Amino acid sequence: MSWLRRHLLLFAAVAVLLYMLIPNVVVAVFSFNDPVGRYNYTWTEFSTRAWTNPCGPQGLCDSLGLSLRIGLIASLIATVFGTMIAFALGRYRFRARSGTNLLIFMPMATPEVVMGSSLLTLFLMMGVSSGGLAITIAHIMFCVSFVVVAVKARVATLDPRLEEAAADLGANPPQTFLRITLPLAAPGILAGALLAFSLSFDDYIITNFNASPSSITFPMYVWGAAQRGAPVQVNVIGTVMFIAALAIVLVSQLLTSRRRRAAA
Amino acid sequence: MAQHGPGDLELIGLTKSFDDFTAVEPMDLTIPQGSFFALLGPSGCGKTTTLRMVAGLEQPTAGQILIGDTDITNTRPHQRNVNTVFQSYALFPHMSVMDNVQFGLRRRGDKDAKRKAQEALDLVELGHAGRKKPNQLSGGMQQRVALARALVNRPDVLLLDEPLGALDLKLRRQMQIELKRIQQEVGLTFIHVTHDQEEAMTMADSIAVMNAGRMEQLGDPAALYENPSSTFVANFLGQSNLLAAHVTGTAGDGRLTADVHGHEVLVDAGRVPAGLRDVWLGVRPEKLALGEGNGVNELKGTVSDASFSGVATQYLVRMPWGMDLTVVQQNDGSARARLGDAVTLSWDPGHEFVLDSAQDEDAGVEHVVVDG
Ligand SMILES: Nc1ncnc2c1ncn2[C@@H]1O[C@H](COP(=O)(O)OP(=O)(O)OP(=O)(O)O)[C@@H](O)[C@H]1O
Ligand SMILES: [Mg+2]
């Protein structure tokens, strides 16, 4: 009885974890299926065909490539802008400060449908044609908000006296920024960048509003395919993405703990 | 004498206001090159603000800062050959102790950075801790890293903002000796901010006592102690017995007579500012002797408290007018008085200092809060 009580929390945690992981496990298992018909919902027999030929279905790898490209560019630009805005908001008192804060909050609070449609209207009015460029601009816009939030939290914990100490020891402003400010803010910036990438990568609604027939992103492809019967390769890509995300988390955890041990 | 090195540090009318609050009133000060200068004063009197202006971290509202003939008032902190040991340490948390100490040398491209940094760490007895991160060290260890990080650069002026505050007594004394040795060896100018008046007096060539943004008095430790120019300095630097007195006439021999609650005492005429009649007569506790003197400057009272501290005994002696005088008697073998004994106190004329009675007698008294 007491053994049970002591391990109850562990059981609960494992159960929740399993419950959350079941969809991923199912996706992974069915990536080895060889379905009959168009739907990959019932297990037929084991096959590695989808894994050896991931780009088989027409348009799948093009859409994946487009999503990765947009994700990288959008998150990079959003991270640069977002970091600068976060420092400005966290460090300086200026007239437009509260207005900027509100503006940063808006994209997070606005329903995606509203934002997607208004962006489309705006692009039409300005003569920006739908497609990859429009999608990238839209993604940068909402990603910036999330980067700002992540970095601002970090900037708030930075002791400005550290920068004073660096200047006092002879570091000019660029050196101070590179050697003190940036390394200390790095975890926040990295978190913001990863968040921005995943938000951009899996955005469907806003993207759909601003896409053209030649700019089908991965989420749009999956959605479209699901209506006609999704190819097994979608499961393959999904599994790879999941493992990649897991690997990034594990490696970063390992690095942190090793650094901590090395310092001790 | 030929002038080597950067020259004296000179502050001319240096002022700092925050909005409508003046943290540092116009300050004029020359600190000779290679001297050990202590800045003493109660919390919030503007010591840190003064140092920050010298370091370039705070823009003065008015005034100038010169090192030698060079006006550095408008230069940036990294352009000044001035280093600071911060009151809050301000160690870089993402760097090892070694990298912290090397930081300044590296910025100047010193080829020998590693060896110098190791030496500096050895000096503060942290030679083994170079690979640790600051947050793995105790407060006292962090403070020593901060010290090493500034010291290793051999700046023209080293600013120390309570650099020994977190150390225990033994380490503190040891560091005081080390600091003094380094300062003399290298001939750096040190400006040392401290709450510890004993530290200031033992280490410094000269001391400035600050109060509420103003410099109350400047001088060498002995002059400040023997001849405080205000009740604030008298009370802040050591203990003082301040007797209300009235100058009544001359007594020849360069002395004046004064009346202290109906008792006539003799005062060195040279110590009384011209024209002053109502005065505070200040006598330090160790200048008061238990027992009769040469028939002059004697006051009678009863012992109301006695505390023995080994080298000395401190008495409180209640005067007929209700005031307690503090007396320190060296443990030199003379008979000790006991509680309730009627005693005579005496001091030699010339061992007193005289201040204007218009000043507040409690200025600068350190209020000790006792539990219960
Ligand atoms: N940035 C600032 N804005 C407004 N007031 C300030 C600022 N910095 C300091 N002050 C004020 O200036 C006064 C002097 O502060 P300072 O830090 O120089 O005191 P200090 O003598 O170093 O005290 P302590 O011994 O406690 O360190 C204080 O009253 C403080 O409140
Ligand atoms: Mg201070």
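Q: A polar contact is a pair of N or O atoms within 3.5 Å (within protein, one must be able to donate a hydrogen and the other to accept it, and residues adjacent in sequence count only if both atoms are side-chain atoms); how many residue pairs are in polar contact between chain B and chain A?
A: The count is five residue pairs, with both residues at pLDDT 80 or more. This is a predicted model, in which local features need pLDDT of at least 70 and side-chain atom pairs count only at pLDDT 80 or more, whereas totals for chains, interfaces and linings use all residues. Residues are numbered from 1 along each chain as its sequence is written, chains are lettered from A and ligands numbered from 1 in the order in which they are written, and side-chain values use heavy atoms, with hydrogens and water left out.

Q: Which elements give two or more residues to the side of chain B that touches chain A, and what are its residue classes?
A: Helix 1, strand 6 and helix 2 of chain B do so; helices (H or I, at least four residues) and strands (E, at least two) are DSSP runs, numbered from the N terminus. The residues on this side of chain B comprise eleven nonpolar, eight polar and seven charged.

Q: What makes the pair A:E164 and B:R52 a salt bridge?
A: The term requires a side-chain nitrogen of Lys or Arg within 4 Å of a carboxyl oxygen of Asp or Glu. The N to O distance between the two side chains is 2.7 Å, so the pair qualifies. Across the interface of chain B and chain A, one salt bridge is found, while the search over all chains finds 17.

Q: How much area is buried between chain B and chain A?
A: Buried area is the accessible area (1.4 Å probe) that two parts lose on being put together, summed over both. Here it is about 2,000 Å², of which carbon and sulfur atoms give 62%. In chain B, B:H78, B:H94 and B:R107 lose the most area to chain A, together 29% of what that side buries.

Q: Is B:T48 to be called buried, exposed or partly exposed, and why?
A: Buried means under 20% relative accessible area, exposed over 50%, partly exposed in between (1.4 Å probe, protein chains only). B:T48 has 28%, so it is partly exposed. B:Q87, at 41%, is therefore also partly exposed.

Q: How do you know whether B:T257 is buried or exposed?
A: B:T257 has a relative accessible area of 9%, so it is buried. This residue is found in strand 12 (residues 255-260) of chain B.

How values were computed:
Nonpolar A, V, L, I, M, F, W, Y, C, P; charged D, E, K, R; others polar.
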